[in-house]
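Have a look at the structure first.

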Amino acid sequence: MSATATITMSALPSKSTIKLAPAQSHAEASSSQAQNQPPKSQKQMTKAERREQQERQRAAKAATKAAGPQPSGSNQNSAQVKKGAPPAASTSASVKKGGKGPDGKPTKDAKETTSDDSARGLRIFSHFGLPKPPGPSKGDIHPAIIRLGLQFSEFKIVGANARCIATLTAFKTVIQDYVTPPNNTLSRHLLTHLSPQITHLVSARPMSVTMGNAIRELKLEISGSDIDLPEQDAKNLLCQKIDDYISERITIADQVIQETAGTKIKDGDVILTYARSSVVEQVLVGAWDDGKQFSVVVVDSRPMLEGKKLLSVLSAMGIPCTYLLLPSIGSVITEVSTVLVGAHSLHSNGAVFSRAGTALVAMMAKQHSVPVVVCCETYKFAETIQLDSFTKNELAPAGDIFSSFPLTRSKDTLTLNKQLNLEILNPLYDLTPPSSITAVVTEVGVIPPSSISSIPLALGRTTL
């Protein structure tokens, strides 16, 4: 009996051991079976499994790209990453990609990856037009348009009037060299031919309001041309229309503005102007030629420093001038009689879109009860309403590219460049509210900002 009891007691542990052993071997067998099982095809996978596989593949590629060229001994590890996609590699790659760890918080690696991004920049201003050379030409681009695009991108041609005249002059060359294909009409095919030319110019620098209005007028003239007219006569007529547009809307308009604004200048006045406007320059030169004695304060700012060109022209005429930068305007604004500024565009709500710094000058003048007069042609009017200079703007090039005075050191040593934690931001335009503007001088008369919407009616049109 005792022997039997001993056998029974010794059998119990062995029985329990037998129960645990199959469970352990079953887990190992299932693991080995999962490893030896061939990979499922795309059709056999569920949507979640396919997504997980894609994420693993992307993570493996990102890890391989970040590691750079690896020695031959690491090829096996990279192959295992592609096949098995271990969780550790997947996690590290997903951290680099998504910028978040398992707990959902940004990791240190993600911050370093973001800081090393070459295209970092201030993302809130990423929609601003960047000065860049035009990309590769798409379509049949005329050499005159390619040359003009390079001049735009390098800011060799600046100013709303200068850019519009240069664009229309280049289009005259394009039209004269254009040949209508067989089985087509000039009024229809020429519009198709001009589209890539316009796209190329826009790729070099965003289109100005003046260019947009002029191109819209040109397209109307092309679509309305007589199909029975001989091709050369039709092209000559279009070129004549372009010359008439430049003459009526720009040249003659500037002459009328010069005469109208010149009457606002009296002997002994101190006129303050900001940056450089071709219209304001003509007004000041014309008033001095008429025998009026006055002085001019030229306010300027970096990086364009356009006021230097205006200063050289006025001083060559013998006009007494004072040159200062924008931060110093508060020291002279109390001595100023009138502020004369130009405009890039004038919107239907009366706001003036002009060179960055104009708004500050106008608001300082209003604070000291100095009248602010804007000289602007009617073809610069836009029917849109703009409330700020953030939704649409451009970035000026870095450095004093228009510096013409001798320097003791090279420009490169004086220019502030981008660094690891420094981003240079130079908005090209700002918006002056209509409350800071006293009057707008146009070729149709002196108009208060509140009556800008009546400009099309003054021109005998329903729209601009």
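Let's settle a term before the tour: angles under 35 degrees count as roughly parallel, over 145 as roughly antiparallel, 65 to 115 as roughly perpendicular and the rest as oblique. Keep in mind that this is a predicted model, where local features need pLDDT of at least 70, side-chain atom pairs count only at pLDDT 80 or more, and totals for chains, interfaces and linings use all residues. Residues are numbered from 1 along each chain as its sequence is written, and side-chain values use heavy atoms, with hydrogens and water left out.

The protein has 15 helices and 11 strands; these are DSSP runs numbered from the N terminus (helices H or I, at least four residues; strands E, at least two). Of its 464 residues, 38% are buried, where buried means under 20% relative accessible area, exposed over 50% and partly exposed in between, with a 1.4 Å probe and protein chains only.

Now zoom in on helix H8, residues 186-204. Its 19 residues should span 27 Å at 1.5 Å a residue, and the end C-alpha atoms sit 27 Å apart, which agrees; the expected span is 1.5 Å times one less than the number of residues. Buried positions in H8 include Leu 190, His 193, Leu 194, Gln 197 and Leu 201. Helices H6 (143-153), H7 (160-177), H9 (209-223) and H10 (231-262) are among what covers the buried residues of H8.

How do H8 and H9 pack, in angle and axis distance? The angle is about 155° and the axes are 8 Å apart, with axes being lines fitted to C-alpha atoms over the stretch in contact and angles running from 0 to 180 degrees between N-to-C directions. The two helices are therefore roughly antiparallel. On the H8 side, Leu 186, Ser 187, Leu 190, Leu 191, Leu 194 and Ile 198 meet Ile 215, Leu 218, Lys 219, Ile 222 and Ser 223 of H9 (contact means heavy atoms within 4.5 Å).

Pro 303 lies in the loop between strand S2 (295-300) and helix H12 (307-316).
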